[in-house]
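Visitor: I'd like to learn how to read the main features of a model like this one. Can you take me through them one at a time?

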Amino acid sequence: MASRRKKTASRKGSASRSRKKRPQRSFPWFRLLLVVLVAAAGYGVYLDATIRAKFEGQRWALPARVYAQPLELYAGLELSPARFAAALERVGYQQVPALRHPGEFSRDRDRFHLHTQRFRFWDAEEPARRLRIDFDGGRISAINELAGGRAVPIVRLEPEQIASIYPTHGEDRILVGLEAVPEFLTTALIVTEDRGFHEHSGISLRGIARALFANIRAGGVVQGGSTLTQQLVKNFFLTRERTLVRKGNEALMALLLELHYGKDEILEAYLNEVYLGQDGARSIHGFGLASRFYFGRALEALAPEQMALLVGMVKGPSYYDPRRHPARARERRNLVLDLLAEQGRLEPAEAARLKARPLGVVEKRRLASNAHPAFLELVRRQLQRDYREEDLRSEGLRIFTTLDPLLQRTVEAQAEARLGQLERGYRIESGALQTAVIVTRYQNGEVLALLGDRDPHAAGFNRALEARRQVGSLIKPFVYLSALDSRAYSLASRLQDAPLTLDMPVGDAWQPRNYDKQFRGEVLLIDALVESLNVPTARMGLDIGLEPIIQTLRRMGYPDDIRPLPSLLLGALELTPLEVTQLYQGLAANGFRSPLQAIREVVDAEGLPLQRYPLEVQRVADPAAVSLVQYALREVARRGTAKALGARFGADTGLAGKTGTTDDLRDSWFAGYDDDRLMVVWVGRDDNRSMGLTGSQGALQLWSEIMARSGVLPSIYTPAAGVSLVEIDPASGLRADRGCEDRVQWPFIEGTAPETLAPCAHGDNSGPGNWFRQWFD
């Protein structure tokens with residue numbers, strides 16, 4: 001027994017010693033805590049870097065905004081009161097009984113009271129002003145300040161925004177600085193969303209408790225527990241998922257944001273970031289854009305109750321949408337006003353008065369990006385030469401274009417109306433005719449209006465820029481320009497209008513014919529152009545040679561190589577309406593070509609100029625020869641193929657132009673100009689089938705309607721240097737005197753006027769022996 005006890009004791013001692021040699025290990029809490037702390041610190045550093053990188057860089061991808069020409073008002077401007085009122089409404093002005101805020105106007109028949117809005121142009125800032133504008137008939141008679149009555153020489157209204165080039169995510173905003181935000185709005189926002197904003201460091205336990213108590217007392221959610229900083233973090237950095245991890249990130253990032261940035265900077269970012277509604281695919285962010293979207297005016301021009309409505313919408317822009325749910329929106333707005341009164345920020349009587357006012361929301365305007373797609377395509381093409389697509393979608397550029405919105409709408413309205421009349425009058429199936437119209441100010445090449453489809457909102461095939469069609473007789477003025485430039489011909493030169501056959505190396509012989517298939521024998525050069533005769537033109541062109549004519553076309557702006565075939569003399573060339581406009585621009589501008597342009601200025605988001613598009617002028621033809629062609633084109637509109645213009649507008653108006661008709665009446669063209677504007681019109685069918693319309697029956701009719709409604713600026717013919725007016729007998733083309741009853745004055749380049757007297761002339765009337773005859777003639 002004793003022996004067994006000893007052995008047992010010995011085993012226990014041995015086991016005890018064994019356990020002492022292998023002590024049990026405890027869980028490494030310290031190491032785990034250290035790892036967690038290191039990971040948390042690393043994650044905090046990551047979040048901190050994320051916040052600073054985005055908050056200190058470009059915070060938002062801002063769309064490029066595209067503007068039309070501003071409407072410039074001055075005494076004497078031809079503008080009807082009705083068109084002026086329509087222009088104001090398109091810019092966003094509201095008609096009211098009495099002016100209270102910028103962006104409003106009142107009207108008493110032919111007198112307007114107008115409170116303009118401040119707008120920063122590329123060259124200066126136009127201030128807000130209160131004006132009285134008086135009309136007399138169809139023009140402005142006086143512009144005066146409302147206070148004091150001082151006359152104002154000129155007023156430049158803010159331009160109409162015609163498009164935006166949005167970021168791929170579709171966000172849109174107008175950035176506002178905190179200094180430009182009304183104090184009432186920031187006060188209402190803080191009282192409603194975060195009363196402790198200026199005390200907390202990003203999160204507020206007191207705010208959470210206060211919101212919980214207010215919601216219980218109200219029986220619903222009237223306040224939120226998140227601070228403005230947390231809301232900014234959620235919208236600016238994080239997704240909308242509802243998880244504890246996201247909520248933790250939100251709190252941590254709010255603390256970090258407050259650590260690095262001041263309250264004013266955080267508040268300004270919030271004012272520009274907050275989501276306040278949806279406009280189709282475009283999301284409305286920030287109070288600056290929301291003010292325009294809901295009320296049609298700048299943020300600083302809002303009434304207090306309107307600011308309260310925007311603040312109330314922060315909680316739920318869709319739920320409190322004032323257009324779809326006006327009752328909810330009114331209730332929410334009134335709650336914001338009540339909260340301001342409770343906090344002593346608004347007198348109770350004033351709050352009651354504001355609560356009684358209507359919401360004041362304007363009718364939703366059509367999205368500007370589809371306003372004038374054909375013109376905007378030209379703008380895009382010119383922008384792509386200077387800017388990357390991502391810059392247009394993110395840098396907040398402001399693009400000031402050459403578009404005249406009043407003229408553009410006149411073109412759009414008359415195109416659809418006149419094409420319908422042509423279809424009915426000539427028994428063409430409805431909708432078969434198409435058109436393209438381009439209007440420019442030819443002295444500087446600015447494109448004032450552009451239409452690429454009879455449907456002005458169609459964004460497909462742009463006929464003004466892409467439809468290459470034969471131009472027919474539109475080419476003839478450049479054939480005659482080459483002949484007159486050679487000095488071998490004058491307007492009084494005699495041309496043969498007789499059958500012409502020209503053997504071609506390949507194919508059938510070329511036999512040009514006049515439109516009426518008649519031959520007139522001998523005709524004067526000016527009459528051949530005025531009546532658009534094919535055979536005399538072809539004979540003259542072959543005489544001077546095809547190469548000088550090709551060189552003339554190239555200098556005037558023809559964009560491609562030209563095959564030296566005789567058919568080019570009669571317009572067997574294909575051009576787009578834009579290319580035709582470029583050719584005629586140099587002709588209308590006395591032989592000086594300016595590249596057509598749709599953009600005036602581009603500025604960045606801060607208003608600093610980025611790109612200027614200065615006037616570029618190049619002499620491309622002898623002004624003396626051009627002066628003769630211009631005179632002949634005036635005769636076209638007075639007595640030639642476009643004589644309908646002389647009958648409608650008066651023979652002394654000075655309109656000039658040329659009709660164009662192609663084989664089988666497939667294309668109808670007219671290119672014409674007054675003292676300021678050049679307009680090119682094409683009418684035809686997309687399938688290139690005959691429509692049965694000449695240039696004077698189709699395109700000229702639309703041209704005439706547009707000019708009648710937009711106004712014609714009369715022109716007086718002034719010969720160029722080196723050109724003299726000489727009295728001519730139009731029947732013979734010879735020099736006339738007082739003995740010729742039908743004598744006219746034609747321009748001649750010095751040394752090219754005829755010396756031979758016409759049969760009707762009496763002789764030298766300048767001699768002293770003939771003074772009795774001159775007295776009694």
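**Reading the features**

Guide: Let's start with the disulfide that joins cysteine 740 to cysteine 760, with an S to S distance of 1.9 Å. A disulfide here is a pair of cysteine sulfur atoms within 2.5 Å. Bear in mind that this is a predicted model, where local features need pLDDT of at least 70 and side-chain atom pairs count only at pLDDT 80 or more, while totals for chains, interfaces and linings use all residues. Residues are numbered from 1 along each chain as its sequence is written, and side-chain values use heavy atoms, with hydrogens and water left out.

Visitor: How many disulfides does the structure hold?

Guide: It holds 1 disulfide. Cysteine 740 sits in the loop between strand S30 (734-735) and strand S31 (744-749), and cysteine 760 in the loop between S31 and helix H25 (771-776), so the pair links distant parts of the chain, 20 residues apart. Those labels come from DSSP runs, numbered from the N terminus: helices are H or I with at least four residues, strands are E with at least two.

Visitor: What is the torsion about the S-S bond, and which hand does it give?

Guide: The torsion is about 95 degrees, so this disulfide is right-handed.

Visitor: Are the two cysteines buried or exposed?

Guide: Take the cut-offs before the answer: buried means under 20% relative accessible area, exposed over 50%, and partly exposed in between (1.4 Å probe, protein chains only). Cysteine 740 is buried at 1%, while cysteine 760 is partly exposed at 27%.

Visitor: Staying with that part of the chain, how do I read the strand pairing?

Guide: Two strands pair if DSSP finds at least two bridges between them. Strand S29 (residues 723-729) runs antiparallel to S31, joined by 6 bridges, and glutamate 727 has glutamine 745 in S31 as its bridge partner. S29 also runs antiparallel to S30, with 2 bridges, and there isoleucine 728 stands opposite arginine 735. The hairpin of S29 and S30 has 4 residues between the strands, and its glycine 733 takes a positive phi near 80 degrees.

Visitor: Which strands form the open sheet, and in what order?

Guide: The order is S17-S16-S28-S27-S26, 5 strands with antiparallel pairing. Its edge strands, S17 (446-451) and S26 (656-661), each pair on one side only. On average, neighbouring strands are turned by 10 degrees against each other, direction ignored. For such angles, axes are lines fitted to C-alpha atoms, for helices over the stretch in contact, and angles run from 0 to 180 degrees between N-to-C directions. S16 and S28 are joined by 8 bridges, and arginine 441 stands opposite arginine 677 in S28.

Visitor: Which helices pack on this sheet?

Guide: Contact means heavy atoms within 4.5 Å. Helix H15 (residues 405-425) touches S16, S17 and S28, its direction making about 30 degrees with that of S17. Helix H24 (residues 699-710) touches S16, S27 and S28, at about 140 degrees to the direction of S28.

Visitor: What about salt bridges? How many are there?

Guide: The rule asks for a side-chain nitrogen of Lys or Arg within 4 Å of a carboxyl oxygen of Asp or Glu, and the count comes to 51. Aspartate 676 lies in the loop between S27 (667-673) and S28 (677-684) and arginine 441 in S16 (residues 434-441), so the pair ties together parts 235 residues apart in sequence. Arginine 441 is partly exposed, at 23%.
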